[in-house]
Amino acid sequence: MRFHFLKWGIPEMIRLRSIHGKIFIRYALLIGFIIIFFLVSFTVYMSDILREDSTRTMNQLSSNISDTLNLELNNMYATAQKILLSASVKEAFFRYTSDPAVQYENNIKLDDIIFSINGPQPVFHRLNLYRNDGFRFEYGDQYLSYNDNLQKERKLSWIHEALEQGGQKYISPPHTMPDETSGSPVISLSMAFAEIYGMRPDNVIEVEQTYAFFQKIIERAVLAPDDDTRQNKYVYVYNENGDIIYPLQPDEDTVQLIQHYRDRGQATKWDNTIARNPITNERTILSMNKSDFSGWTVLLAEPESLLLQPVYTFTYNIIALGVLFLLLALSTSYFVANSLSTPIRRIKKMIKILELDKLDRQMPIGSLSKLDELEELHQTFSDMRNRLKDSLEKVISARSHELQSRLIALQSQMNPHFLYNSLSVLSIMCEEQRNDEAVNYCMGLSNMLRYVSSSSFHPVAFEEELRHVEDFIYLLKERYGEMLQIQLNTQDSLNGLRIPKLVIQPLIENCMKYALDADPPWKIRLVGKRLSNKWIVTVSDNGPGFSQDKLTLLKQRLQEIDAKMDRPELSIDGMGLVNIYMRLRMLYGDQLIFDLSNGLAGGACVTIGGPIQIAEVPE
């Protein structure tokens, strides 16, 4: 019997042949069957009832919204008819005069007539009369009249459409009057009429109602009466031309959605249906009602997921209750079989916490249980742990010696040509009787040989490595004189840090090896920085730089080292860049810094570095 425990101690998996498993599976199957059967039956039954109720409600609601909108539009139409049937209105409106005083008196008369027809509380927002010569009369909160550009007035979409209807009504989509200072949108009912019956209708009457009035009608219809909050139904209103009446400023998704449902309704002539929302791909219950009077279509949509939300909530509660019963069954089985499984869990716990760095810890001594088989298993595990500890110590020791040997072997390689050249320079000094210079040269060469030949592979202080570089530069300057210019620029914050031994001087040596191909003076620059928790050293020269083939070959070699971590096969002619990379790789792993490139002004550039927290290892 075997357990996998979660962090809170509840079994994650129980083997079927265990006592826990058999009891738990039987309880789980019984409770699961009852829950699934009940949920499927309840969900199917309630979903059908809710869909039927929603379809019936939405059909009635869309019809109510359409009737209420038509009632308001009918009032506007009736107002326009009453104005046009008034001979007094036509007589005052078509009285042409250029005298402002006469026009003012005529406006007062026209205002009084319209007031007598509509009363003190008109059912519209504003009434506009457009005459074919550009004269315009407005009636609303105040009356105004003015002459405007005739062509400008006729370009307004609702006026143009009204004239095109030849005396029939035209209901405009929401728009804003060009001279409306508030910018509030309106919906207008417009009709063309003639001055004398039988003539071509080239004058327009426009009855305006605020868009907010129609918006209030629509939104009141879809608000829940108990808590005054919006229901899960979406209302869309559009006319025969596809202009969207509601909502006022639809986003792109809403426009696409309305267009999709409009095309579907024209193709199938449906009033109620269930369709997929093209934006969200949800099943949606739809109800459509088109008005013969206004040509407006009221479309109601309710996502099925929102409609069935109470069913889903009930389902989740039943599932939670089922899980509770399952946990109760699991707890019962756990306590029933606990007396048998406790010893096995204790052994499993000891195996789980076993780690290589904790093999020295003393294991608990004592009997786990009164079963011989479990005692034998416990003893076998103890013996295995002791054998693993002995084997691990041997492997670590062998690996440590191997690593030290490899570091020493890499570190101890030295360029013999430099030694030959140094002895030649020393010989010339002696022949020329430059004794003091020869003594200093010997001391510098001795310091270099002593530093290079040291068998220590531990990191050294940065200033110690820098002194070795200065000794090397001194010997080079004695040989090449003013033809060689070397600049050292290191931050004081690097002092005290420990870096791998013999990683900077070989970079200077590498520059000399390839920079000599260029004409003197040969310039070498060394820059050392401390950035956050890393140290970085960059060495650059003014030589010909790395060729593309050389860079490709070096990068391939470094990739081979990363893949195999083998000691590079180096000839005796120098430590080389690969040697430096190998030693940095062995010390720092993936945190090393090693970059080869060519400078913008020419010459090679090599950057090395590593983490400070790893480099600071005491000798």
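Select Cys-605 to begin this tour of a predicted model: its sulfur lies 8.9 Å from the closest cysteine sulfur, which belongs to Cys-511, and that is too far for a bond. Because a disulfide requires the two sulfur atoms to be within 2.5 Å, the count comes to zero disulfides.

Next, select Phe-594, which together with Ile-608 touches the most other members of the largest nonpolar core, a set of 50 residues. Leaving aside neighbours within four places in sequence, the contacts of Phe-594 include Leu-558, Leu-577, Tyr-581 and Ile-608. A second, separate core of 44 residues can then be found by selecting Met-76, Val-89, Ile-187 and Tyr-246, which are among its members.

Turn now to the charged side chains, where eleven salt bridges are found across the whole structure. In helix H1 (residues 19-84), Arg-56 and Asp-53 are three residues apart, and therefore separated by about one helical turn; their side chains meet in a salt bridge at 2.5 Å, N to O. Arg-56 is exposed at 53% relative accessibility, whereas Asp-53 is partly exposed at 31%.

Finally, select Arg-126 and Glu-138, whose side chains form a salt bridge at 3.6 Å, N to O. This pair links distant parts of the chain, with Arg-126 in strand S3 (residues 126-130) and Glu-138 in strand S4 (residues 135-139).

Terms used
Residues numbered from 1 in each chain as written. Predicted model: local features only at pLDDT ≥ 70, side-chain atom pairs only at ≥ 80, totals over all residues. Heavy atoms only, no water. Core = buried A, V, L, I, M, F, W, Y, C linked by side-chain atoms within 4.5 Å. Buried < 20%, exposed > 50% of the residue type's maximum accessible area, 1.4 Å probe, protein only. Contact = heavy atoms within 4.5 Å. Salt bridge = Lys/Arg side-chain N within 4 Å of Asp/Glu carboxyl O. Helix = DSSP H or I, 4+ residues; strand = E, 2+ residues; numbered from the N terminus.
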